[in-house]
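Have the structure open as you read.

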Amino acid sequence: MIHGCRDSEGVTMSDRLDQLCINTMRFLSVDAVQKAKSGHPGMPLGAAPMAYVLWTRFLKHNPRNPDWFDRDRFVLSAGHGSMLLYSLLHLTGYDLSLDDIRQFRQFGSKAPGHPERGHTPGVETTTGPLGQGFANSVGMAIAEAQLAARYNRPGFDVIDHATYAIASDGDLMEGVASEAASLAGHLRLGKLTCLYDDNYVTLAAGTDITFSEDRARRFEAYGWHTVSVPDGNDLAGIDAALRAARADVTRPSLILVRTHIGYGSPNKHDSFEAHGSPLGVEEVRLTKENLGWPVEPPFLIPEAALAHFRDAVTRGARAEAASSERMAAYAQAFPALAEELMRTLRGDLPRDWDSDIPVFPPDAKGMATRVASGKVMNAVAPRLPELTGGSADLDPSTFTALTGLGDFNPPAGSEADTQGSEGGGWSYAGRNLHFGVREHAMGAIVNGLAAHGGVVPYGSTFLIFSDYMRPPIRLAALMGLHVVHVFTHDSIALGEDGPTHQPVEQLASLRAIPNLTVIRPGDANETAVAWRVALETRNRPVLLVLSRQAVPTIDRSRYASAEGLRRGAYVIRDAADGKPALILMASGSEVTLILAAAERLQTQGIAVRCVSMPSWELFDALPQYERDAVLPPSAHARLAVEAGVAQGWHRYVGATGGVISVERFGASAPADVMLREYGFCVDNVCARAQALLA
Ligand SMILES: Cc1ncc(C[n+]2csc(CCOP(=O)(O)OP(=O)(O)O)c2C)c(N)n1
């Protein structure tokens with residue numbers, strides 16, 4: 001009650017407390033940037049009020065347990081404003097100390113330059129590359145909707161949380177945000193809300209020279225609900241907008257909040273100079289004076305402000321306790337569902353998850369590895385409810401549909417056109433995600449799904465279009481997210497579609513990304529093992545690179561077991577006495593080629609070892625002695641065969657080795673012609689091998 005009392009200036013105590021809290025956030029940010037001599041003070045100065053209202057009045061979270069599964073998700077898509085988030089995390093009671101904030105941007109600090117998932121408790125996703133966080137938030141909202149549809153039962157809403165993002169001009173200018181917003185609108189993700197820091201200024205200029213569309217109408221056209229708040233310091237206005245967003249359960253909401261970058265700074269307010277450099281000692285002083293803040297000491301946190309923010313701890317504990325009670329009652333009523341939900345949230349695989357994976361019999365004609373992949377996916381999917389994903393409008397070609405397991409779409413409204421249905425009904429419980437022709441957003445959305453937890457997401461397209469997804473793939477690797485991508489049509493052997501569709505440098509470029517496992521299996525059985533690896537790997541992304549064309553299913557009674565794939569490279573065929581004069585190595589569709597070449601070379605008296613090498617990363621992780629057992633240092637005559645650029649292969653073939661590779665763009669022609677013309681035939685492999693030996 002006392003908070004409602006007005007002082008001599010007619011301001012309530014509660015208003016004063018709000019201002020005190022907001023300025024605490026502002027100056028923690030400004031002081032940290034100033035001390036680091038690096039960072040972005042402008043955004044936190046302008047956006048502090050909206051973040052304050054969201055975090056203290058709406059966000060359901062427990063600072064003492066950042067992993068509580070039914071917490072609301074918050075994404076600071078404008079990651080350069082990281083100090084805004086660190087201020088909130090520290091003030092509301094997460095495990096981020098004031099000393100950590102004093103070490104902002106220093107080596108090893110818990111407060112790095114941009115928010116990093118897994119590094120700072122409470123950071124849901126790594127942001128900084130603009131637009132990615134916004135698209136991640138769409139993935140998080142999809143995960144929530146799917147889990148809620150699958151697990152909630154009348155009277156038991158065990159999954160019931162919202163997703164919030166703060167996005168900047170840069171976020172909304174990036175193409176990935178347009179793709180993701182378009183999909184979110186179509187999917188009617190009503191529990192997704194984005195606060196847009198509409199400050200008319202970017203890094204290098206005002207937005208009037210680059211960004212003049214009507215953002216509200218643009219998002220309305222996508223199917224979003226929009227609300228404008230003309231004054232970013234109007235807490236009641238922000239509060240009302242957030243309420244309106246929450247009330248609209250059938251559309252995602254964009255709240256356009258007119259703010260001012262560098263708010264309060266006498267000389268840098270509304271200027272791009274406030275974006276990415278410290279204000280400067282003198283300007284910090286002037287800004288503090290202007291907003292009625294003590295110039296000294298820096299990093300000031302008034303007790304009343306801290307106490308108010310720390311209410312989050314009791315509120316959070318209460319909310320989590322209520323959620324645990326709901327979960328306990330649910331477990332009584334639906335024990336099997338509850339167990340499954342808890343298991344998927346832990347990220348564990350169920351027992352016998354892989355018992356339906358087929359063993360493919362030897363077959364000279366064989367099948368494309370993309371086809372084998374589809375069979376394996378459909379064998380495991382019924383036992384793995386967490387497996388969910390889809391393609392960027394290519395599943396008839398990538399074979400990634402989960403037949404009969406439902407299509408993720410709003411429950412009503414999709415009946416008109418059911419072309420492309422995988423069967424099992426259209427609803428939020430559907431496991432097949434239809435990303436549309438939106439590769440970039442697909443990559444970022446599966447990252448959001450994985451970061452949310454409770455699901456193992458996959459995406460799929462042609463390998464060539466992985467180029468459209470490189471930023472989110474890199475971020476998945478940086479975050480150590482368990483996502484799987486299925487990239488098919490993996491070489492010039494895709495044939496007639498020609499050089500625009502034929503990947504040449506993509507494998508090498510993906511292998512260059514740290515903490516990413518790339519697997520290019522050589523036949524159907526290697527594909528099955530590749531999927532086992534992909535699903536057992538919990539802490540990094542895995543890419544499966546698959547052929548369009550049929551490849552023989554290798555006779556494993558004659559050649560070594562496909563289980564060798566787990567080691568990244570294995571001796572699939574050896575010289576009779578285990579002492580090869582020549583080592584041939586290959587990945588994917590070229591494995592059968594080196595086997596055929598080896599058989600011919602043997603008739604010429606050459607002792608040949610063949611190494612199937614589906615994954616460099618798995619191989620490189622082995623101890624040296626195991627790698628030496630596959631590629632003995634004494635064996636110098638080595639030839640690698642892969643339908644892509646040679647870059648990187650010299651690490652394995654050595655200075656004296658050779659590579660049959662593709663060092664130019666492809667061409668439009670049938671697959672067999674392409675392979676012959678580019679030297680992927682037994683004659684050429686044998687000729688190159690003999691030249692090496694000579
Ligand atoms: C994909 C990407 N491109 C460029 C940048 C570099 N960058 C950081 S912030 C920014 C723009 C800042 O403008 P805005 O998003 O409006 O943020 P504000 O200045 O209002 O804080 C740019 C270009 C980036 N982080 N990500």
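## Cysteines

Cys 21 is buried, with a relative accessible area of 0% (buried means under 20% relative accessible area, exposed over 50%, and partly exposed in between, using a 1.4 Å probe and protein chains only). Cys 194 counts as buried too, at 1% relative accessibility. The structure holds zero disulfides, a disulfide being a pair of cysteine sulfur atoms within 2.5 Å.

## About the model

This is a predicted model, in which local features need pLDDT of at least 70 and side-chain atom pairs count only at pLDDT 80 or more, while totals for chains, interfaces and linings use all residues. Residues are numbered from 1 along each chain as its sequence is written, and side-chain values use heavy atoms, with hydrogens and water left out.

## Salt bridges

Side chains of opposite charge can pair when their charged atoms come close. A search of the whole structure finds 36 salt bridges, each being a side-chain nitrogen of Lys or Arg within 4 Å of a carboxyl oxygen of Asp or Glu.

One of them joins Asp 99 and Arg 102, at 3.0 Å from N to O. These two residues sit three apart in helix H4 (residues 98–102), so about one helical turn separates them. (Helices, H or I with at least four residues, and strands, E with at least two, are DSSP runs numbered from the N terminus.) Arg 102 is partly exposed, with a relative accessible area of 31%.

Another salt bridge links Arg 218 to Glu 213, at 2.7 Å from N to O. Here Arg 218 counts as buried at 14% relative accessibility, whereas Glu 213 is partly exposed at 34%.

Arg 566 forms a salt bridge with Glu 536, and their closest N and O atoms are 2.9 Å apart. This pair links distant parts of the chain, 30 residues apart: Arg 566 lies in the loop between strand S15 (550–553) and strand S16 (570–573), and Glu 536 in helix H18 (residues 524–536). Arg 566 is partly exposed at 32%, and so is Glu 536 at 33%. Elsewhere, salt bridges that share partners join Asp 18, Arg 57, Asp 239 and Arg 243 into one network.

## A five-strand sheet

Five strands form an open sheet in the order S1-S2-S3-S5-S4, with parallel pairing; two strands pair if DSSP finds at least two bridges between them. Strand S1 (73–76) and strand S4 (225–229) stand at the edges with a single partner strand each, so one side of each has no neighbour in the sheet.

Strand S3 (residues 192–198) and strand S5 (residues 253–258) run parallel and are joined by six bridges. Asp 198 has Arg 258 as its bridge partner in S5.
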